[in-house]
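Please look through the sequence and the model shown here before reading on.

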Amino acid sequence: MTKPLEGIKIIDFTHVQAGPACTQLLAWFGADVIKVERPGSGDVTRNQLRDIPDADALYFTMLNSNKKSLTLDTKKPEGKEVLEKLIRESDVLVENFGPGALDRMGFSWERLNELNPKMIVASVKGFSDGHHYDDLKVYENVAQCAGGAASTTGFWDGPPTISAAALGDSNTGMHLAIGILTALLGRDKTGKGQKVAVSMQDSVLNLCRVKLRDQQRLERVGYLEEYPQYPHGEFSDVVPRGGNAGGGGQPGWVLKCKGWETDPNAYIYFTIQGHAWEPICKALGKPEWIDDPAYKTAEARQPHIFEIFGTIEAWLADKTKFEAVDILRKFDIPCAPVLTMKELANDPSLRASGTIVEVPHKKRGSYLTVGSPIKFSDMKPEVTASPLLGEHTDEVLTSLGYSKQDIFNLREVKAI
Ligand code: COA
């Protein structure tokens, strides 16, 4: 089966998570992704949080599948020469070095554009170009704080809280992938490459869009009726942390199920959709609430929403999270069990859909990873193992026209 991005050659000058997540996605869809790594060490995640001595860490293998690895010291003149050759025949270069690193290496946007005017140069940085923090190096949690996620996540009586989801890293990588694909389509029309830049702060903020909505509502009316602070608590002039409240017009909360005393994940998320009030009352065995003026409308329910959640928890007390969802789904109530990583890893539906995949690896044996979350009718992205450090160095150099002797010489000067 021909994959849509077959024939697109990508220089993957990325490390850690944000950049690698982007290029991995493009590799799944058929791009020829060549990861350029420093000889001897490579991407720092190869060594981070290792669970098997001498084998690439899962942090690396789970973000670099379907790629080739070329070791190249791009600070040495011999390494720069190889990189220039590669640039001349590639479609995209992706990087997420600290601010200015690519320029210091001698590969500014102007230089890259001169070497290959058709090439798309895609970058992740912590902050956007020209931002007053644009000199900062940034990791995931820094981005979550800078992008509005931390100040709006957690409980009102606790500190700003970081989400476990990689809002700063993988999310930024996904934004960058959209930018690259857009620039490739643009190039089909203009014949020209361009620079695509995504900042981690902007990408986090993009996902916090509804919180900016809430800031403006708060400034206009002084309260936010879907937050637990309403109507009994106080609002300041900034969007508060709302705990587990629903972010839209549908109140919801994480509710205890059977076994919560010993199992920290024996919970479901329960949503009270306005038009589903009648089925909710029926499911709970509370038909008298259907027409009771104290419960009938969303406005009437809100002042005592936690009393309602308490009643639902009492109903849940003798049901496991799975039993509860099996009953509630029949009443069309939006809900789900709080699933652990262990449960997700073993979920037969996720295995069948290719969202959780087991990948054989030369050194590790097999490992689990998250496959493509995007499904196509004409293509099933196949996940293959991440490359060993420098596994494809000879292959890539040969394809660039280097002879065995040239490759030997490059090795002698430690450029590869
Ligand atoms: N050959 C020779 N040198 C290489 C090389 C290679 N193949 N690959 C990288 N390098 C050099 C770079 O030129 C740079 O050198 P310089 O600082 O002397 O100019 C250095 O290695 C890498 O620097 P940097 O990217 O700043 O690494 P770091 O470990 O200090 O910082 C980050 C890591 C993630 C904080 C930083 O890269 C960053 O802020 N990136 C942008 C935002 C981002 O993507 N963050 C998180 C990602 S999950």
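## The side chain of Asp 43

A polar atom in the side chain of Asp 43 lies 3.3 Å from the backbone nitrogen of Val 16, and the backbone nitrogen of Thr 45 lies 3.0 Å from a polar atom of that side chain. Each pair is a polar contact, that is, a pair of N or O atoms within 3.5 Å; within protein, one atom must be able to donate a hydrogen and the other to accept it, and residues adjacent in sequence count only if both atoms are side-chain atoms.

Asp 43 belongs to the loop between strand 2 (32–37) and helix 2 (58–61); helices (H or I, at least four residues) and strands (E, at least two) are DSSP runs, numbered from the N terminus. With a relative accessible area of 4%, Asp 43 is buried, where buried means under 20% relative accessible area, exposed over 50%, and partly exposed in between (1.4 Å probe, protein chains only).

## How the model is read

This is a predicted model, in which local features need pLDDT of at least 70 and side-chain atom pairs count only at pLDDT 80 or more, while totals for chains, interfaces and linings use all residues. Residues are numbered from 1 along each chain as its sequence is written, and side-chain values use heavy atoms, with hydrogens and water left out.

## The protein as a whole

The protein has 18 helices and 11 strands, and of its 416 residues 46% count as buried. Its C-alpha atoms fill a box of roughly 85 × 45 × 40 Å, taken along the principal axes.

Lys 68 lies in strand 3 (residues 68–71) and is partly exposed, with a relative accessible area of 21%. Lys 68 and Leu 5 are 63 residues apart in sequence, and their C-alpha atoms are 16 Å apart in space.

## Around the ligand

Which residues come nearest to the ligand? Of the 22 residues around the ligand, these are Arg 38, Lys 75, Gly 98, Lys 137 and Val 138, where a residue is near a molecule if one of its heavy atoms lies within 4 Å of it.

A nitrogen atom of the ligand is 2.8 Å from a backbone N or O atom of Leu 72. An oxygen atom of the ligand lies 2.8 Å from a polar backbone atom of Gly 98, and an oxygen atom of the ligand is also 2.8 Å from an N or O atom in the side chain of Arg 104.
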